[in-house]
Amino acid sequence: MTSNNEWPIGVYPARLIEKLAQVRAIISQTPFDADQVQPASLDLRLGETAFRVRSSFLPGPERTVADRIEALKLHQIDLTSGAVLERGCVYIVPLQESLRLPETVSASTNPKSSTGRLDIFTRVIGDRARGFDQLPAGYSGPLYLEISPRTFPVLVRTGSRLSQIRFRSGDTLLDPAEHQALHREQTLVFNANQDVGNGVALSIDLLGENRGGLVGFRSKRHTAVIDVDRKGALDVLDFWEPLNSRGSGELILDPDEFYILVSHEAVHVPPDHAAEMVPFDPLVGEFRVHYAGFFDPGFGHSAAGGTGSRAVLEVRSREVPFLLNHGQTIGRLIYERLAERPDRLYGTALGSNYQAQSLKLSKHFKPYPA
């Protein structure tokens with residue numbers, strides 16, 4: 001094992017993620033897929049079995065996830081040939097990757113962008129965890145993924161990648177003054193109404209002036225199954241209702257409906273930084289945004305194929321209808337320092353699906369309009 005003082009402060013780019021694997025701080029049942037290591041994150045792969053459980057859970061400090069599965073299990077499903085996960089059900093899947101982290105290295109997880117855009121609710125759980133999606137420094141043990149499709153039934157299999165993990169050491173977050181300085185130097189947000197301080201504020205575009213008035217999509221009910229590993233195979237109108245602006249810049253969210261919307265701002269993640277989207281303020285209204293979370297270095301970067309890219313937003317109202325207005329702030333991008341300059345960037349050279357995006361559905365759908 002590499003000694004702790006050899007792990008630098010910052011978010012780990014691909015080279016250091018690969019180094020963690022080399023020293024078996026990341027342990028994988030099979031070799032990594034060719035594109036599994038991203039510029040500053042690692043995709044996590046489903047194992048061979050899914051367990052349908054009665055409820056979501058946290059194991060707590062005295063129990064393992066396997067203990068809780070045994071107590072809550074309804075049945076188990078073989079994923080080796082593929083299986084459909086039904087919406088509204090909760091499944092726990094052991095992942096192919098496990099961890100044996102150095103004492104100074106922690107990790108956090110988020111759904112992949114495509115997972116969020118299908119409204120598949122996912123969270124990673126570790127043994128004896130008190131919270132979801134956080135693995136403390138020095139964590140040693142297996143990883144499990146909680147999966148609950150909310151809108152569409154989905155077909156998954158062993159090796160499907162629904163979540164990703166990021167590794168870091170030390171204090172990586174920029175403070176407000178550092179955000180402002182980085183914005184002056186490298187332009188983090190392209191918009192006349194810039195709000196840069198404690199991160200970059202993101203608001204909703206409900207005019208769609210650059211898209212012929214198209215402002216978003218609302219999911220349909222009772223659709224066919226979506227195979228999470230097939231790209232560009234599905235007709236948009238079989239699964240989504242396009243939403244067009246009527247010029248008012250307003251949209252009423254219906255309770256329990258799922259929407260794909262887009263930020264008014266175009267954003268930029270410089271090569272030596274990463275970013276994560278966080279809620280703006282839980283008190284601003286009765287809606288939530290299902291953030292896919294990570295923005296790898298190079299997102300929206302001109303040298304990587306995109307001069308500013310919009311953030312796609314997965315939105316639900318809660319118990320009551322809620323009125324959104326054009327330009328309403330709903331989230332912030334918080335930037336973090338990388339531990340070193342990355343050797344690859346998010347973008348066209350890697351075949352990244354969402355570089356230079358505007359309003360865009362997940363990679364599973366054919367372009368719209370056709």
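This is a predicted model: local features need pLDDT of at least 70, side-chain atom pairs count only at pLDDT 80 or more; totals for chains, interfaces and linings use all residues.

**A guided reading**

Visitor: In what sense do strand β12 and β18 pair, and over how many bridges?

Guide: Strand β12 (residues 154–156) pairs with β18 in the parallel sense, over 2 bridges. Both belong to an open sheet of 3 strands, in the order β6-β12-β18, with mixed pairing. Its edge strands, β6 (83–85) and β18 (226–227), each pair on one side only.

Visitor: How should I read the two faces of a strand?

Guide: In a regular strand, side chains alternate between the two faces of the sheet. Now look at strand β3 (residues 42–45), where both faces are covered: Leu-42 and Leu-44 are buried on one side, Asp-43 and Arg-45 on the other. β3 runs antiparallel to strand β13 (residues 161–169), joined to that strand by 4 bridges. Within this pairing, Leu-42 stands opposite Ile-165 in β13.

Visitor: And a helix? Which residues of α2 are buried?

Guide: The general idea first: an α-helix has 3.6 residues a turn, so residues three or four places apart point the same way. In helix α2 (residues 65–72), the buried ones are Val-65, Ile-69 and Leu-72. These residues are on the same side of α2 because they cover an arc of only 80° around the axis. Glu-70 and Ala-71, on the other side of α2, are exposed. The buried residues of α2 pack against several strands, among them β4 (49–53) and β5 (73–78).

Visitor: Which residues touch the most other members of the largest nonpolar core?

Guide: Those are Phe-167 and Trp-240, in a core of 56 residues. This core lies between domain 1 (10–169) and domain 2 (176–337), because both give residues to it. A second, separate core has 30 residues, including Leu-182 and Phe-299.

Visitor: How do I read a pair of aromatic rings?

Guide: Such a pair is described by the distance of the centres and the angle of the planes. The whole structure holds 9 aromatic pairs. For Phe-152 and Trp-240, the ring centres are 5.4 Å apart and the planes are at 70°, so this pair is edge-to-face. Phe-152 sits in the loop between β11 and β12 and Trp-240 in strand β19 (residues 240–244), so the pair ties together parts 88 residues apart in sequence. Trp-240 also forms an edge-to-face pair with Phe-365, at 6.1 Å centre to centre and 75° between the planes. Both Trp-240 and Phe-365 are buried.

Note on methods
Residues are numbered from 1 along each chain as its sequence is written. Side-chain values use heavy atoms; hydrogens and water are left out. Buried means under 20% relative accessible area, exposed over 50%, partly exposed in between (1.4 Å probe, protein chains only). The arc is that of the directions from the helix axis to the C-beta atoms. Contact means heavy atoms within 4.5 Å. Two strands pair if DSSP finds at least two bridges between them. A nonpolar core is a set of buried Ala, Val, Leu, Ile, Met, Phe, Trp, Tyr and Cys residues joined through side-chain atoms within 4.5 Å. Domain bounds come from an automatic or database domain assignment. Rings of Phe, Tyr and Trp (its six-membered ring) pair if their centres lie within 6.5 Å; planes under 30 degrees apart count as stacked, over 60 as edge-to-face and the rest as tilted.
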